[in-house]
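Please look through the sequence and the model below before reading on. The paragraphs that follow move from charged side-chain pairs to helix packing and then to individual residues.

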Amino acid sequence: MADKGKKGKAAAPAPEAAPPPGDPQPEDKKDKEPKKKEKSVQPQDEVGTRKGCRRYKWEFKDSNKEFWVMGHAEVKILSLGCLIAAMVMFTGTTVHPLLTVIINMELSVFCFFFIIYTFAINRYMPFILWPISDLLNDLFTFIFLVGAIVIAVKSRTSMPTPYFIAVILIGVAGLFALIDICLQRKHFKGKKVKRNVLIPPPPREKPKGPEKPPEKAGEKPPEKAPEKAKDKGKGGKK
């Protein structure tokens with residue numbers, strides 16, 4: 001009988017040993033481990049959603065690439081070199097004070113734009129139209145340097161060789177500023193001017209109240225209820 005019972009019913013498997021309460025299961029460990037944040041794929045031609053240091057690295061590379069590839073940096077460096085050389089040539093001779101003022105002013109302005117574009121500061125100040133401001137700067141630089149040449153020629157009756165070379169260098173610096181104006185035109189190609197920009201938008205319409213139902217023909221508008229008579233005691237006979 002015992003043998004038949006063994007054949008009919010399979011022996012129940014022994015229960016597995018439960019894991020100790022202190023040691024969590026490996027699946028629980030995987031769930032508890034903090035997931036590493038994956039960097040989102042960003043476009044190479046645009047800033048995208050970059051923030052902080054990632055954005056500054058991209059802006060720094062893009063600003064320097066645009067500044068050097070389009071030729072603005074080279075032209076500004078050549079202009080700076082010509083003006084510095086002119087200042088050195090003027091050291092041994094008497095010079096009109098306006099010449100030194102104009103040259104120092106243009107040197108400081110060139111250095112300002114060089115720092116702005118090199119460290120990508122312009123990318124964090126979008127409220128300034130930098131291509132237009134640089135274009136106007138080059139235009140005024142050319143005008144001021146031409147004026148400096150006129151002052152230098154009229155203020156001296158005789159020009160020694162260093163003085164003459166300095167005047168020529170000022171003219172070359174003004175020529176480079178004129179070249180930079182031509183390079184700035186690339187920023188405005190393919191861009192259309194928006195029309196009616198200065199026209200103010202139309203005033204907003206006031207919200208209309210609930211519309212009254214139209215009156216039918218022949219119907220009179222509802223009359224107002226007569227005011228209650230004043231107290232009899234007032235104004236009457238006692």
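Which side chains meet in a salt bridge at 3.2 Å, N to O, with Arg123 as one of the partners? In this predicted model, the answer is the pair of Arg123 and Glu66, whose side chains meet at that N to O distance. Since Arg123 lies in the loop between H5 and H6 while Glu66 belongs to helix H3, the pair ties together parts that are 57 residues apart in sequence. Glu66 is partly exposed, with a relative accessible area of 34%.

Arg123 also meets the side chain of Asp62 in a salt bridge, here at 2.8 Å from N to O. Asp62 is in helix H3, which covers residues 53-69, and Arg123 is in the loop between helix H5 (97-118) and helix H6 (130-154), so this pair ties together parts that are 61 residues apart in sequence. Asp62 is partly exposed, its relative accessible area being 25%.

A further salt bridge brings together the side chains of Lys76 and Asp134, at 3.2 Å from N to O. This pair links distant parts of the chain, with Lys76 in helix H4 (residues 72-89) and Asp134 in helix H6, 58 residues apart. Lys76 is buried, with a relative accessible area of 0%, and Asp134 is likewise buried, with a relative accessible area of 0%. Through salt bridges that share partners, Glu59, Asp62, Glu66 and Arg123 are joined into one network. With a side-chain nitrogen of Lys or Arg required to lie within 4 Å of a carboxyl oxygen of Asp or Glu, the count of salt bridges comes to five.

From these pairs we can turn to the helices themselves. Two packed helices are described by the angle between their axes and the distance between the axes. For H5 and H6, the axes come within 10 Å and cross at roughly 160°. Because angles over 145 degrees count as roughly antiparallel, H5 and H6 are roughly antiparallel to each other. The crossing in which H5 passes H6 is left-handed. On the H5 side the contact is made by residues including Leu98, Ile102, Val109, Phe113 and Tyr117, and on the H6 side by residues including Trp130, Asp134, Asn137, Phe144 and Ile151. By residue type, the contact of H5 with H6 divides into 16 nonpolar, three polar and two charged residues.

What does Phe113 touch, leaving aside residues up to four places away in sequence? Phe113, which lies in helix H5, touches Lys76, Trp130, Ser133, Asp134 and Asn137. Among these are Lys76 and Asp134, the two residues whose side chains meet in a salt bridge. Phe113 is buried, with a relative accessible area of 7%. The C-alpha atoms of Phe113 and Ala73 are separated by 9.5 Å, although these residues are 40 residues apart along the chain.

Is His72 buried or exposed? With a relative accessible area of 4%, His72 is buried. Not counting residues up to four places away in sequence, His72 touches Glu66, Phe67, Asp180, Leu183, Gln184 and His187.

Definitions and conventions. Residues numbered from 1 in each chain as written. Predicted model: local features only at pLDDT ≥ 70, side-chain atom pairs only at ≥ 80, totals over all residues. Heavy atoms only, no water. Helix = DSSP H or I, 4+ residues; strand = E, 2+ residues; numbered from the N terminus. Buried < 20%, exposed > 50% of the residue type's maximum accessible area, 1.4 Å probe, protein only. Axes fitted to C-alpha atoms, helices over the stretch in contact; angles between N-to-C directions. Parallel < 35°, antiparallel > 145°, perpendicular 65-115°, else oblique. Left-handed = near helix turned anticlockwise from the far one by under 90°. Contact = heavy atoms within 4.5 Å. Nonpolar A, V, L, I, M, F, W, Y, C, P; charged D, E, K, R; others polar.
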